[in-house]
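I opened a new notebook page for this protein. My plan is to go from the overall build to single residues.

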Amino acid sequence: MDVTTLGAVVTKSIMLKPRSGRATPRMAETPSGMLNSIGLQGPGIEHFLEHDLPWLRRRRARAMVSIAGGSIEEYAQLAHRLRGVDGISAIEVNISCPNVEDRGQVFACNRSASAAVVHAVRRATAPGLPVLAKLSPDVTDLVDIAEGCVGAGADGLSMINTLLGLVIDTERMRPVLGGVTGGLSGPAIRPVAVRCIWQVHQAMPDVPILGMGGVRTGVDVLEMVLAGASAVSIGTVLFNDPGAPTRIAGELRQALAARGITRLADLVGYAHRAPAIGPADREELP
Ligand SMILES: Cc1cc2nc3c(=O)[nH]c(=O)nc-3n(C[C@H](O)[C@H](O)[C@H](O)COP(=O)(O)O)c2cc1C
């Protein structure tokens with residue numbers, strides 16, 4: 001497809017060094033979704049800057065570069081390396097990574113660890129370039145983590161990353177994935193994503209949210225926007241429909257036209273403001 005028709009292309013999370021990822025098998029199909037344990041396989045930042053980013057630039061894609069690290073220092077180094085590089089529209093900080101300096105505790109599960117990463121990236125990034133923190137739904141108080149990230153300088157929040165899951169092969173009587181646990185994605189997690197977006201938008205209505213998690217159709221996009229997302233991205237649906245971005249954008253246009261809406265921006269968080277069901281509506285219910 002013509003990638004210039006897309007709002008942006010979010011890259012696979014890039015790390016400092018090349019990484020082969022976790023043991024195979026790395027994918028399992030689940031009801032209405034899938035479980036993956038890719039483990040951030042990737043070529044490392046130098047290869048990315050030499051090959052992948054120029055490839056996106058040649059196609060005039062707006063690139064949102066996702067970065068991931070095992071320590072605050074690694075995130076800071078990645079941000080430094082990206083500073084001044086042409087063809088980057090935003091940086092997304094994937095904080096769903098284990099902190100090697102804190103017993104492998106995932107950054108995204110702790111407010112001060114999340115804030116420290118965002119702060120380090122924000123400080124190393126040119127002031128005009130947006131920095132988004134990508135949040136994990138696997139926490140008790142997502143609003144607390146979101147506030148920590150925004151307080152540390154995040155210009156926006158991406159949500160949600162995958163939920164931690166596990167599938168057991170009952171014939172072989174052992175976990176399906178080589179890495180045992182994996183991240184659950186696809187339509188199964190969409191209500192969780194909509195809830196997270198709703199809660200964070202309610203607490204911080206002025207903070208832009210990039211919503212994701214199980215989006216499959218234009219109406220799914222509309223649902224996330226109504227909850228409070230100002231942009232929506234897709235992942236898992238691309239596995240069975242690589243043309244999904246174009247299809248979903250067309251479906252969204254139709255859904256807006258059918259509702260007489262001319263500006264999608266007017267609907268951001270609209271479900272929070274929509275009038276409650278009144279007596280007249282109730283009478284029509286069976
Ligand atoms: C195969 C696969 C690889 C992923 N890799 C990354 C990654 O490198 N960085 C990241 O922040 N999220 C990663 N994710 C999570 C997605 O970006 C997204 O947050 C999540 O899958 C929910 O959206 P979806 O249901 O549309 O896929 C990955 C998801 C899948 C399925």
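**Overall build**

I began with the secondary structure and noted nine helices and 15 strands in the protein. I keep in mind that this is a predicted model.

Next I looked up the radius of gyration. It is 19 Å, which agrees with the value near 19 Å for a compact globule of 286 residues. Along the principal axes, the C-alpha atoms fill a box of roughly 60 × 55 × 40 Å.

**Surface and charge**

The protein exposes about 14700 Å². Carbon and sulfur atoms supply 55% of that area. For the charges, I compared the mean positions of the 28 positive and 27 negative ones, and they are 5 Å apart.

**Aromatic rings**

How many aromatic pairs does a search of the whole structure find? I got one. The partners are Tyr75 and Phe107, with ring centres 5.5 Å apart. Their planes stand at 85°, and over 60 counts as edge-to-face, so I wrote the pair down as edge-to-face. The pair links distant parts of the chain, 32 residues apart. Tyr75 sits in helix H2 (residues 72–82). Phe107 sits in the loop between strand E7 (105–106) and helix H3 (111–124). Are these two residues buried or exposed? I found both Tyr75 and Phe107 buried.

Then I listed some exceptions.

- A cis peptide bond joins Thr24 and Pro25, with omega about -10°. I placed Pro25 in the loop between strand E1 (9–10) and strand E2 (27–30).
- A cis peptide bond also joins Met159 and Ile160, where omega is about 20°. Ile160 lies in the loop between strand E9 (156–159) and strand E10 (163–166).
- Ser32 is not a glycine, yet its phi is positive, about 55°. I found Ser32 in the loop between E2 and strand E3 (33–36). Its relative accessible area is 52%, so Ser32 is exposed.
- Arg60 has a positive phi near 55° and is likewise a residue other than glycine. Its place is the loop between helix H1 (45–58) and strand E4 (63–67). Arg60 counts as exposed because its relative accessibility is 65%, and the cut-off is over 50%.

Conventions. Residues are numbered from 1 along each chain as its sequence is written. This is a predicted model: local features need pLDDT of at least 70, side-chain atom pairs count only at pLDDT 80 or more; totals for chains, interfaces and linings use all residues. Side-chain values use heavy atoms; hydrogens and water are left out. Helices (H or I, at least four residues) and strands (E, at least two) are DSSP runs, numbered from the N terminus. The radius of gyration is taken over C-alpha atoms; the globule rule is 2.2 Å times the number of residues to the power 0.38. Accessible areas come from the Shrake-Rupley method with a 1.4 Å probe; for residues, only the protein chains shown count as cover. Lys and Arg count as positive and Asp and Glu as negative; His and the chain ends are not counted. The place of a charge is taken as NZ of Lys, CZ of Arg, CG of Asp or CD of Glu. Rings of Phe, Tyr and Trp (its six-membered ring) pair if their centres lie within 6.5 Å; planes under 30 degrees apart count as stacked, over 60 as edge-to-face and the rest as tilted. Buried means under 20% relative accessible area, exposed over 50%, partly exposed in between (1.4 Å probe, protein chains only).
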